[in-house]
Amino acid sequence: MRSDVSVTSGVFEANRARGAVRFDVHARDGVTRRGALHESGSLRVRFPSPEGEGLSGVFVNTAGGVAGGDSFDIDIAAGQGARLTLTTAAAEKIYRAPGAAAQLSIALKVDADAHLAWLPQETILFDRARVHRRFDIALDETASLLLCEIVVFGRTAMGERMEQGEFVDRWRLSRGGRLVFAETVKLDGDIGAKLGRSAVAKGGAAIGTALIVPGDEALVERIRETSESFSGEVGISAWNGFAIARFCAQDAARLRADMMAVLARAGAALPRLWLN
């Protein structure tokens, strides 16, 4: 006879959320239009009224968050000359995982002279959350990209903090068919103690990354001119034709403010949902 624990585990695994969104966009007569769209499971994308010549998309997770064993896949292609901005309806919450880690996979393809802005709101990890996330990004030599991610280890405003768990974040960026950036961040076990180390986050509970393509030293200098206004730590550098900014702050609100300041200096237009 199966134990109650085995039965509960089996029921849990059978009820994991699955979601996928796949679509492409194309520029027609100078205006970006959506092409074929595929949605499945609890992941959806909605397109508000067009703003100018570009197109905006908002992801919605009807599951209400991400739990252990959940799997979500996003695959987006921006055709030649298209302009696309993507965000989320709210911060994504990653809940405690008693078993397998959640799996998040994002594939972005940007063709010649196209621009893609990936600007989701924060990802919040609860204590004992486990998540593996991967970005695979393919850019044409003449394409441009703005990709920003904020990860929060516990809701500090509510007295919560992530102490134990697992966070694996894999990024791969190719430009013109050549790999120009590869990085994997892994935090597991006693994450709270690790974030307290000076060489890691010095007690900070929020980290972020902004990847800007193309990016050069002139952009780096423009951003550094605002460094005195930052509430947390911000570092930025440029190489291989792109710029990358790293953020670390005591809480999500401070990091979000720093991120917005950097994006403004980079000339980015923020989604309206960021401003509410």
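This report walks through a predicted model of one protein chain, from its overall build down to single residues.

## Ground rules

The model is predicted, so local features need pLDDT of at least 70 and side-chain atom pairs count only at pLDDT 80 or more, while totals for chains, interfaces and linings use all residues. Residues are numbered from 1 along each chain as its sequence is written, and side-chain values use heavy atoms, with hydrogens and water left out.

## The overall build

The chain folds into 5 helices and 17 strands; these are DSSP runs numbered from the N terminus, with helices being H or I of at least four residues and strands E of at least two. Its radius of gyration is 19 Å, close to the 19 Å that the globule rule gives for 276 residues, so the chain is as compact as a globular protein of that length. (That radius is taken over C-alpha atoms, and the globule rule is 2.2 Å times the number of residues to the power 0.38.) Along the principal axes, the C-alpha trace spans about 65 × 45 × 40 Å.

Of the 276 residues, 46% count as buried. Here buried means under 20% relative accessible area, exposed means over 50%, and partly exposed is in between, using a 1.4 Å probe and protein chains only. The accessible surface comes to about 13100 Å², and 49% of that belongs to carbon and sulfur atoms; areas come from the Shrake-Rupley method with a 1.4 Å probe, and for residues only the protein chains shown count as cover. As for contacts (heavy atoms within 4.5 Å), take those with a separation of 6 or more: residues 24 or more positions apart account for 72% of them.

## Two nonpolar cores

A nonpolar core is a set of buried Ala, Val, Leu, Ile, Met, Phe, Trp, Tyr and Cys residues joined through side-chain atoms within 4.5 Å. The largest one has 51 residues, and the members that touch the most others are Trp 118, Leu 125, Leu 145, Leu 147, Phe 153 and Leu 173. Strand 8 (residues 102-110) gives the most to this core, with 5 residues. There's also a second, separate core of 27 residues, which includes Phe 126, Ala 210, Phe 230 and Ile 236.

Trp 118 is worth a click. Leaving out residues up to four places away in sequence, its contacts include Phe 59, Ile 74, Leu 86, Ile 106, Phe 135 and Cys 148.

Helix 3 (residues 217-224) has Leu 219, Val 220 and Ile 223 as its buried residues. They cover an arc of only 100° around the axis, which puts them on the same side of helix 3; the arc is that of the directions from the helix axis to the C-beta atoms. The buried residues pack against strand 15 (206-213), strand 16 (233-239), strand 17 (242-249) and helix 4 (252-265).

At the start of helix 3, a side-chain oxygen of Asp 216 comes within 3.2 Å of the backbone nitrogen of Ala 218. Pro 214 sits in the loop between strand 15 and helix 3, and a cis peptide bond joins Val 213 to Pro 214, with omega about 0°.

## Buried loop residues

Gln 121 is in the loop between strand 9 (115-118) and strand 10 (123-125), yet it is buried, at 11% relative accessible area. Its side chain reaches the backbone oxygen of Ala 89 at 3.4 Å. Not counting residues up to four places away in sequence, Gln 121 also touches others, including Thr 87, Arg 256 and Trp 274.

Ala 67, in the loop between strand 4 (55-61) and strand 5 (71-78), is buried at 17%. Its C-alpha is 5.9 Å from that of Ile 94, 27 residues apart along the chain. Gly 54, in the loop between strand 3 (43-46) and strand 4, counts as buried at 19%, and its C-alpha is 5.8 Å from that of Leu 84, 30 residues apart along the chain.

## Positive phi

Most residues other than glycine have a negative phi, and most peptide bonds are trans. Asp 29 has a positive phi of about 55°; this residue lies in the loop between strand 1 (18-28) and strand 2 (31-41) and is exposed, at 83% relative accessibility. Arg 128 has a positive phi near 70°. It is found in the loop between strand 10 and strand 11 (130-139) and is partly exposed, at 40%.

Note on methods: Polar contact = N/O pair within 3.5 Å; in protein donor to acceptor, adjacent residues only side chain to side chain.
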